[in-house]
Amino acid sequence: MSKHHLGEFEEVVMLTVAILQGKAYGIAIIDELENRLNRKVSIGALQTVLRRLEKKGYLSSEFGEATQERGGKRKRYFQVTNFGMQVLQETKEQRINLWNAVPKISFNN
């Protein structure tokens, strides 16, 4: 078992950042999560997880250019680090191993 553990929300946030390929900032991540998973996500919960994942070295971030639409405020863009991709791969393998261990049961209805 890996020494790196991802919670379910951490995992889906990292996967979403990877899906968005360089366009992953707060609202874009929320929109993608809500559309793909059909579940509501608060900006506060997302920001907490993004900071935690960055602190662990799974994500990195940088500021984009200031935009008029945001009153000069810059967006923080996130990307999955190489280390983060390794952790995601380990997590995927763990999940597959668990699914493969589930006995095949035939239901006779």
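Buried means under 20% relative accessible area, exposed means over 50%, and partly exposed lies in between, with a 1.4 Å probe and protein chains only.

This tour runs through a predicted model, in which local features need pLDDT of at least 70, side-chain atom pairs count only at pLDDT 80 or more, and totals for chains, interfaces and linings use all residues. Residues are numbered from 1 along each chain as its sequence is written, and side-chain values use heavy atoms, with hydrogens and water left out.

**Whole protein**

Start with a cartoon view. Four helices and two strands make up the protein; helices (H or I, at least four residues) and strands (E, at least two) are DSSP runs, numbered from the N terminus. Along the sequence the pattern reads α-α-α-β-β-α. Of the 109 residues, 31% count as buried. Taking contact as heavy atoms within 4.5 Å, 52% of the contacts between residues at least 6 apart in sequence join residues at least 24 apart.

Select residues 8-20, which form helix H1. Its 13 residues should span 18 Å at 1.5 Å a residue, and the end C-alpha atoms are 19 Å apart, so the two agree; the expected span is 1.5 Å times one less than the number of residues. Which residues of H1 are buried? They are Phe-9, Glu-10, Glu-11, Val-12, Val-13, Met-14, Thr-16, Val-17 and Leu-20.

Gln-21 is not a glycine, yet has a positive phi of about 35 degrees. Most residues other than glycine have a negative phi. Gln-21 counts as exposed because its relative accessibility is 68%.

Now select Ala-28, in helix H2. Is Ala-28 buried or exposed? With 15% relative accessibility, Ala-28 counts as buried. Leaving aside residues up to four places away in sequence, Ala-28 touches Leu-20 and Lys-23. Draw a C-alpha to C-alpha distance from Ala-28 to Tyr-77: the two are 9.8 Å apart in space and 49 residues apart in sequence.

Asn-38 comes next, in the loop between H2 and H3. Asn-38 also is not a glycine and has a positive phi, of about 55 degrees. At a relative accessible area of 72%, Asn-38 is exposed.

**Strand E2**

Select Lys-75, in strand E2 (residues 74-80). Lys-75 is buried, since its relative accessible area is 13%. Show side chains here: that of Lys-75 makes a polar contact with the side chain of Tyr-25, at 3.4 Å. A polar contact is a pair of N or O atoms within 3.5 Å; within protein, one must be able to donate a hydrogen and the other to accept it, and residues adjacent in sequence count only if both atoms are side-chain atoms.

**The largest pocket**

Finish by selecting Gly-26, Ile-43, Gln-47, Arg-76 and Phe-78, which lie nearest the centre of the largest pocket among its 16 lining residues. Helix H2 (26-37), helix H3 (43-56) and E2 each give two or more residues to this lining. H3 supplies the largest share, six residues. A pocket is an open set of points on a 1 Å grid over the protein atoms alone, where a 1.4 Å probe fits, with protein on both sides within 12 Å along at least five of seven lines; lining residues have an atom within 4 Å of a point.
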